[in-house]
Amino acid sequence: MDQFHPPVKDMIFALREVVGRNDLQSNTGFTDFDREFLETIYDSAAEVASEIIAPTNKDGDRVGVSIADGKVTVPKGYAEAYDAYVDGGWSTLSCNPEYGGQGMPASISMPVNEMVMGANFSWAHLALLTNSAIRAVDAHASQELKDLYLERLISGKFTGTMNLTEPQAGSDLSVMNTIAQPNGDHFKITGQKIFITWGEHDLSENIVHLVLARLPNAPDGVKGISLFLVPKVKLNKDGSLGERNTLKAVSVEHKLGIHGCATCVMSFEEAEGFLIGEPNQGLVCMFTMMNDARIGVACESVAIAERAYQQAVNYAKDRVQGSTQVSNSRVTIINHPDVRRMILSMKSLIEIMRVLVYENTFECDLAESKPEHSKRADLLTPITKAWCSELCQDITSIALQVHGGMGYVEETGAAQHFRDARITTIYEGTTGIQANDLIGRKFIGDNGSGMNDLLNEIEKEIEVADIDAEMKDALNQAIDHARKVSSFILGNYQKEPNLPGACSHNFLMMMGYLVGGWIAVRNIAASKHALEESDDAQFYNAKIISSNFYIEQFLPLVSSFGSSAMHGSGSMMSMPDEQF
Ligand SMILES: Cc1cc2nc3c(=O)[nH]c(=O)nc-3n(C[C@H](O)[C@H](O)[C@H](O)COP(=O)(O)OP(=O)(O)OC[C@H]3O[C@@H](n4cnc5c(N)ncnc54)[C@H](O)[C@@H]3O)c2cc1C
C-alpha cells in the first residue's frame with residue numbers, strides 16, 4: 001500500500017545531531033533550535049504532508065494535468081492541498097520577516113520541503129520553485145518590485161516560475177533569443193520558453209514569471225542576458241490585480257513521469273516585464289535561484305527515494321516467498337539476504353543523502369553571515385545535486401525490484417516513483433553540466449584548493465573518530481585515492497584539453513561516494529554519542545549498522561570511479577563519429 005510517513009526522527013537526527021553538531025544555534029543566530037521546537041514544527045508539517053498532500057499523489061499521476069484554451073486543469077485535491085500548505089504558513093518558514101516570512105535558516109525549512117516533495121512530488125514543484133523565485137527577487141530586485149511582489153509570493157497568494165529554457169537553448173543558455181524592448185518604466189518581453197514548470201494554473205491568484213531575455217544591442221552569449229519579472233496578471237500601483245498580461249501557456253508536455261505537474265510551453269507577446277538587477281547580469285541573478293533549486297532537486301531526490309523505500313519495506317515485510325538457509329518454513333522476502341541487501345542499500349544511501357542535502361543548505365545559511373563558507377557551499381552544490389539525483393535513480397529502481405513483477409505493473413505505485421524520479425538528473429542542470437561545473441569552476445578554477453580543504457577536514461575527522469582501525473584504513477585509502485586523482489587532473493588538463501570533460505562524471509561520482517563515507521563516519525559518531533544519553537538504542541544502533549554497511553558496500557566505489565577518471569579521454573574520444 002502506497003502510504004507516506006515523513007521520517008521526522010531521521011530528519012531531526014540528520015539536521016540536529018549530525019549537521020548541527022550542536023552548534024547550529026550559535027552559527028545561524030537562530031535561537032529556537034531545541035529538539036522540542038523542531039519536533040513541534042516537523043510533526044505538524046508531517047501531518048499536512050501525509051494526510052492532505054500525499055493522498056493526491058496517485059491521482060496526480062493517473063489523471064494528470066490538462067490544458068484547454070490556455071487554462072490548465074489540475075488533479076482533484078490539489079487546491080485543498082495548496083490551501084492547507086499556505087494557510088499553515090509552510091511557505092513562509094525561511095523567508096524574509098520584513099515581508100511576512102518567519103526568518104528561519106533554510107536548513108530548518110529543508111526537512112519540511114522534503115516532506116511535501118515526498119508527499120506529492122509533482123505538486124511540490126510549485127512550492128519549491130516559488131521559494132527559489134522569492135530568493136532571487138529578495139536578493140536582486142528593486143525596492144519597488146520587492147514591495148509589490150515579495151509579501152504576496154511569501155504568503156503563497158502568488159507563485160513563481162523560472163523561464164530559462166528555449167527550444168535551441170537548454171544547457172547552453174548563451175544562444176537564447178527572447179527579447180526585451182525598453183518601453184517607459186517597463187520592458188516588452190517577446191519570445192517562447194519551453195518546459196516551464198507550473199507555468200500556468202489557477203491554484204494561486206497570480207503567477208510571477210522570472211524570465212531571461214536579451215536587451216537590444218546586448219553583448220552576445222551569456223554576458224548579454226538580463227532577468228525580468230513578468231507577472232501573469234499585471235498589478236496596479238496599490239498592488240491590486242489589474243489586467244491580464246500578454247503571455248500564455250500554449251501547451252503542456254506529455255511526460256514519462258510527474259504527470260501531475262504542469263510543464264508548459266510559454267509564449268510571451270510584448271508582455272509587460274520589469275528588470276531585476278543590472279542589465280546583462282541576468283545569469284548572475286538567476287544563479288541565486290538556480291543554486292537554491294539545485295539543492296532543492298537533491299532534496300527531492302531524497303524525498304522520492306524515501307517514499308519508494310518505505311513502500312518497498314512494507315512490501316518486503318508482507319510478501320511471503322520461498323524459504324532461507326536458516327529457516328525451513330516459508331518466509332517474508334525481507335528475510336532473504338539479497339532482499340535485505342536491497343533494502344539496506346536504500347536505507348543507508350538515503351540517510352547519507354539526507355545529511356548531505358542538509359549540510360549543503362547549512363553551509364549556504366552560514367555563508368550569509370560568514371562569506372568564507374560560500375566556497376564550501378559552492379563546492380558541494382554540484383555534488384549534492386548530481387550525486388543524490390543519480391542515486392535516486394538506483395534507489396527507485398531497487399524499490400521496484402523488491403516488488404518483483406508487482407513493481408512493474410502500475411497498481412502498486414512503485415513504478416510511479418521510478419518514472420517520477422527520472423527527471424531529477426535532467427533539470428536544473430543535467431548531471432553532465434553539474435560535473436562540468438565541479439571539475440571546471442569549482443576544482444580546476446580554484447587550483448584544487450577548496451577540494452584540498454575538504455579532504456583535509458575529512459581526514460582530521462577520521463583521525464579522531466570512534467570507529468575501528470579497518471574502517472579508518474578504508475577511509476584513508478579513499479582520501480589518498482581522491483588526492484591522486486586530483487593531482488592527475490591538475491597535472492594533465494593543460495596537455496590534454498578533453499581530459500576535464502572526459503573524466504568529469506567519474507570525478508563527481510568519486511567525490512559523492514567519498515563525501516558519503518565522511519557522512520557515514522559522522523552518522524556513527526553522532527549515534528554513539530546519542531546512545532550515551534538516549535533510551536532509543538534501537539534507532540541509533542540501526543544508524544550505526546546502516547552507516548557501516550555504506551562503508552563496506554559503497555565506499556569502495558571511490559577507487560573504481562577514481563581509477564576510471566584517470567584513464568582520461570583516450571578511448572573515449574578516439575573513435576570517429578561515423579563508427580557510432
Ligand atoms: C519536466 C521538466 C521540467 C523543466 N522545468 C524547467 C523550468 O521550470 N524552467 C526552465 O527554464 N527549464 C525547465 N526545464 C528544462 C531543463 O532545465 C532542460 O531540459 C535541461 O537544462 C537540459 O537542457 P536540454 O533539454 O536542452 O538538453 P541539452 O542541453 O540538449 O542536453 C542533452 C544532453 O547533452 C548533454 N550536454 C549538453 N551540453 C553539454 C556540455 N557542455 N557538456 C557535457 N554534456 C553536455 C546533457 O548533459 C544531456 O545529456 C525542464 C525540463 C523538464 C523535462
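Tyr550 is buried, with a relative accessible area of 0%; buried means under 20% relative accessible area, with a 1.4 Å probe and protein chains only. Tyr550 sits in helix H18, residues 537–553, where a helix is a DSSP run of H or I of at least four residues, numbered from the N terminus. Its contacts, leaving aside neighbours within four places in sequence, include Ser348, Trp387, Tyr513 and Leu555; contact means heavy atoms within 4.5 Å. From Tyr550 to Gln310 it is 240 residues in sequence and 19 Å in space, C-alpha to C-alpha.

A word on the model. This is a predicted model, in which local features need pLDDT of at least 70 and side-chain atom pairs count only at pLDDT 80 or more, while totals for chains, interfaces and linings use all residues. Residues are numbered from 1 along each chain as its sequence is written, and side-chain values use heavy atoms, leaving out hydrogens and water.

Now the ligand. The ligand is surrounded by 19 residues, each with a heavy atom within 4 Å of it. Among the closest are Met162, Thr165 and Phe195. By class, the shell holds 9 nonpolar, 8 polar and 2 charged residues; Gly counts as polar here, and Tyr as nonpolar. Strand S5 gives the largest share, 3 residues.

Which atoms of Met162 and Thr165 lie 2.7 Å from a nitrogen atom of the ligand? For Met162 it is a polar backbone atom, and for Thr165 an N or O atom in the side chain. The protein covers 63% of the 960 Å² of accessible area that the ligand has on its own, by the Shrake-Rupley method with a 1.4 Å probe.

How values were computed
A polar contact is a pair of N or O atoms within 3.5 Å; within protein, one must be able to donate a hydrogen and the other to accept it, and residues adjacent in sequence count only if both atoms are side-chain atoms. Helices (H or I, at least four residues) and strands (E, at least two) are DSSP runs, numbered from the N terminus. Buried means under 20% relative accessible area, exposed over 50%, partly exposed in between (1.4 Å probe, protein chains only).
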